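Here are a few exercises to work through with the model open beside you. Try each task before you read its solution.

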Amino acid sequence: QVQLVESGGGLVQPGGSLRLSCAASGNIASNNPMGWYRQAPGKQRELVADITSGGSTNYADSVKGRFTISRDKAKNTVYLQMNSLKPEDTAVYYCKARRFGLDYWGKGTLVTVSS
């Protein structure tokens, strides 16, 4: 059974930073393709950043230069470092992993950027 557990969300002021973590367990390894998505109230879920099995990364234009996706294979964990946060970054952030063509999702962690 695949399990993805996100953590690290919370309330932060504009310009602040947060680091999200996604711990993978079960039949998922951190070198599977993985990504971070987010869904703001009233909006569709969107890709924030992803990382391939080979380590290549991809970012949404709205977060380029501010967010960094990375992984620790020993801990089977993927991270999203978020800097220079803006109010428009407020959303529930979800971790996704892909294995044999199937997508697995975590339950999400809420990030609120507000003064």
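This is a predicted model: local features need pLDDT of at least 70, side-chain atom pairs count only at pLDDT 80 or more; totals for chains, interfaces and linings use all residues.

**Exercise 1. Rings around tryptophan 105**

Task: Find the rings that pair with tryptophan 105 and classify each pair.

Solution: 

Step 1. A pair of aromatic rings is described by the distance of the centres and the angle of the planes. Keep both values in view as you go.

Step 2. Take tyrosine 94. The ring centres of tyrosine 94 and tryptophan 105 are 6.5 Å apart and the planes stand at 85°, so this pair is edge-to-face. An angle over 60 degrees is what edge-to-face requires.

Step 3. Because tyrosine 94 is in strand β9 and tryptophan 105 in strand β10, the pair ties together parts that are 11 residues apart in sequence.

Step 4. Check the accessibility of tyrosine 94. With a relative accessible area of 14%, tyrosine 94 is buried.

Step 5. Count the aromatic pairs: the structure holds two. In the pair of tyrosine 37 and tryptophan 105, the centres are 5.0 Å apart and the planes meet at 65°, so this pair is edge-to-face.

Step 6. Tyrosine 37 belongs to strand β4 and tryptophan 105 to strand β10 (residues 102-105), so their pair ties together parts that are 68 residues apart in sequence. Tyrosine 37 is buried, at a relative accessible area of 16%.

**Exercise 2. A charge over the rings**

Task: Work out where arginine 45 sits relative to tyrosine 94 and tryptophan 105.

Solution: 

Step 1. Start from tyrosine 94. Arginine 45 lies over the face of this ring, 3.7 Å from the ring centre.

Step 2. Turn to tryptophan 105. The charged end of arginine 45 is over this ring too, at 4.6 Å from its centre.

**Exercise 3. A buried arginine**

Task: Describe the surroundings of arginine 38 and name the side chains with which it makes polar contacts.

Solution: 

Step 1. Locate the residue: arginine 38 is in strand β4.

Step 2. Is arginine 38 buried or exposed? Its relative accessible area is 6%, and the cut-off for buried is under 20%, so arginine 38 is buried.

Step 3. Look for polar partners. The side chain of arginine 38 makes a polar contact with the side chain of glutamate 46 at 2.8 Å. A further polar contact joins it to the side chain of tyrosine 93, at 2.9 Å.

Step 4. Widen the view. Setting aside neighbours within four places in sequence, arginine 38 is in contact with residues including Arg45, Glu46, Asp89 and Tyr93.

**Exercise 4. The nonpolar core**

Task: How many residues does the largest nonpolar core have, and which have the most contacts inside it?

Solution: 

Step 1. The largest nonpolar core has 29 residues. Those with the most contacts inside it are Leu4, Met34, Trp36, Leu80, Met82 and Tyr93.

Step 2. Trace where the core comes from. Strands that each supply at least two of its residues include β3 (18-25), β4 (34-39) and β9 (91-99).

**Exercise 5. A loop asparagine**

Task: Determine where asparagine 32 lies and what it touches.

Solution: 

Step 1. Asparagine 32 is in the loop between β3 and β4. At 16% relative accessibility, asparagine 32 counts as buried.

Step 2. A polar atom of the asparagine 32 side chain lies 3.3 Å from the backbone oxygen of arginine 98.

Step 3. Not counting residues up to four places away in sequence, asparagine 32 touches Ile51, Arg71, Arg98 and Arg99.

Notes. Residues are numbered from 1 along each chain as its sequence is written. Side-chain values use heavy atoms; hydrogens and water are left out. A nonpolar core is a set of buried Ala, Val, Leu, Ile, Met, Phe, Trp, Tyr and Cys residues joined through side-chain atoms within 4.5 Å. Buried means under 20% relative accessible area, exposed over 50%, partly exposed in between (1.4 Å probe, protein chains only). Helices (H or I, at least four residues) and strands (E, at least two) are DSSP runs, numbered from the N terminus. Rings of Phe, Tyr and Trp (its six-membered ring) pair if their centres lie within 6.5 Å; planes under 30 degrees apart count as stacked, over 60 as edge-to-face and the rest as tilted. A charge sits over a ring if NZ of Lys or CZ of Arg is within 6 Å of the ring centre and within 35 degrees of the ring normal. A polar contact is a pair of N or O atoms within 3.5 Å; within protein, one must be able to donate a hydrogen and the other to accept it, and residues adjacent in sequence count only if both atoms are side-chain atoms. Contact means heavy atoms within 4.5 Å.
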